[in-house]
Amino acid sequence: MMANTASTAASEPVDEAPVDEAPVDEAPVDEAPVGEAPAYRWRWAALFVILAAEIMDLLDAMVTNIAAPSMRADLGGSESIIQWLGAAYTLAMAVGLITGGRLGDIFGRKRMFLIGAAGFTAGSLLCAVAQSPEMLIGARVVQGLFGAVMLPQGLGMIKEMFPPAEMGKAFGMFGPVMGLSAVGGPILAGWLVEADYWGTGWRMIFLVNLPLGLAALAAGLRFLPESRSPHPLRLDLGGVVLASVGGFLVIYPLVQGREHDWPVWAFVMLAASAVVFAAFGWFQSRRSRGGGDPLIVPSLFRKRAFTGGLFTGMVFFSGMAGFMLAFNLYCQIGLHYSALKAGLVMVPWSAGMIVGFGVAQPLQKLGRRLLHLGTLVMTLGVLGVLLTLTITGTQMNPWQLVPALLVSGVGMGMLMSPFFDIVLAGVEEHETGSASGTLTAVQQLGNAFGVALLGTIFFDLLGDLPTAASFDQAMKVTLWVVAGMLVVTFAVAFLLPRHARENAEAAH
């Protein structure tokens, strides 16, 4: 499920859109007070189109965790297929997000949103009709790439459509929508798999995207405004290639190496990834010195707060994505829960996350201490899940997990609420767009890395002939690893600024 609480955070750094946007041309406007630019008349209808795109992304990031066992049972393939279903989507999303916003600046945000929505809908159809694991994984890559083109356009359009007085209300709509998606996504996936409408089984989780995607396209054509940046940055295709290759060289050996008993080529690929990422850093510096537009402003990596934020986010999101995959597999394969029951088990976590976001709002003045507090609460929750499994074992009742999962979700909401604002407080204003885009991409990369790493640990401990005892042991070890990653998150968070941007000057 947590693969895209991803988008929860991804929607927060709203500074991604250029500040000097061109005004909306030839669009219906509402009258505005003297001295203010007129507001776009169809802004609320356009906002719901943008939110529909967010819902599609959130659901597709979460549903495969619940439906993965059914997909593998139907299509065949090895255990690694389950990992690739999530990793392929998030890795493609991570790579695409780096340039997705720039495509809108150059070619027009409405145009790129519609292209992204059309491609995402087509990718969903390909997923639904897939006849082999390889075709399904390829279709997930298509979804991720087009989703990365679609999603960044919404933030820029919102900043352009809404007057300052309504901006907070517009962005405030994301929270409830994402919260409902987080709670409803796993339940919807489990229900659709179990209901098996017209014999579609797991395929229905992708087919439901078709009417939603077509409606978003039709409404987008009618209500979205035309807009683009008057001074768009140029595309850095060389940087995209290096970042893509580097990410693949990390994820592929982690997923496939276990099945081949960790051959030499797996370690060679991991070592090569370090070389490729080093080349990426050199290429970005060279492009910047030559007057080009690098994907990532090199000066960001000279800031301790930003590099600390990248590492904090990478560790945290990796742990969460990996845990969600392992826990859903444990429930369905180890405890023999149905897909719907496994989805319902995660409701306390999702509900707790919504509560955590609410609790965090009046505590924002705590800054980094709020992030630390959320990490501690979440660690207690994860250890609570571990204690529950230790006490109950294979006789566990889902109700026994409610307290620990609820506490974990509350901690996660408290941690994520201030994270992006605090990290961005450590960068200069002119670096904010590059920094927020990089953070969002690292969040997705962390999701892919977590699914690969913790999924590999989980399957490795199961062995070739899994038993109830091996499932129990694999889940316990995974929980210890997640708790350890949260401890690391707590430690490296000390590298972050003490307060978010609005309080940064007071802190200094």
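Modeller: Let's start with a term: buried means under 20% relative accessible area, exposed means over 50%, and partly exposed is in between (1.4 Å probe, protein chains only). At 38% relative accessibility, Q400 therefore counts as partly exposed. This is a predicted model, where local features need pLDDT of at least 70, side-chain atom pairs count only at pLDDT 80 or more, and totals for chains, interfaces and linings use all residues. Residues are numbered from 1 along each chain as its sequence is written, and side-chain values use heavy atoms, with hydrogens and water left out.

Q400 sits in helix α16; helices here are DSSP runs (H or I, at least four residues), numbered from the N terminus. Setting aside neighbours within four places in sequence, Q400 is in contact with T388, T392 and Q395, where contact means heavy atoms within 4.5 Å. From Q400 to L389 you count 11 residues in sequence, and their C-alphas are 9.2 Å apart.

Now for the helix pair. Helix α16 (residues 398-424) packs with helix α14 (residues 347-360) at about 40°, their axes 6 Å apart. Those axes are lines fitted to C-alpha atoms over the stretch in contact, with angles from 0 to 180 degrees between N-to-C directions. So α14 is oblique to α16, since under 35 degrees is roughly parallel, over 145 roughly antiparallel, 65 to 115 roughly perpendicular and the rest oblique. Residues making this contact include W349 and F357 of α14, and L405 and M412 of α16.

Notes
Helices (H or I, at least four residues) and strands (E, at least two) are DSSP runs, numbered from the N terminus.
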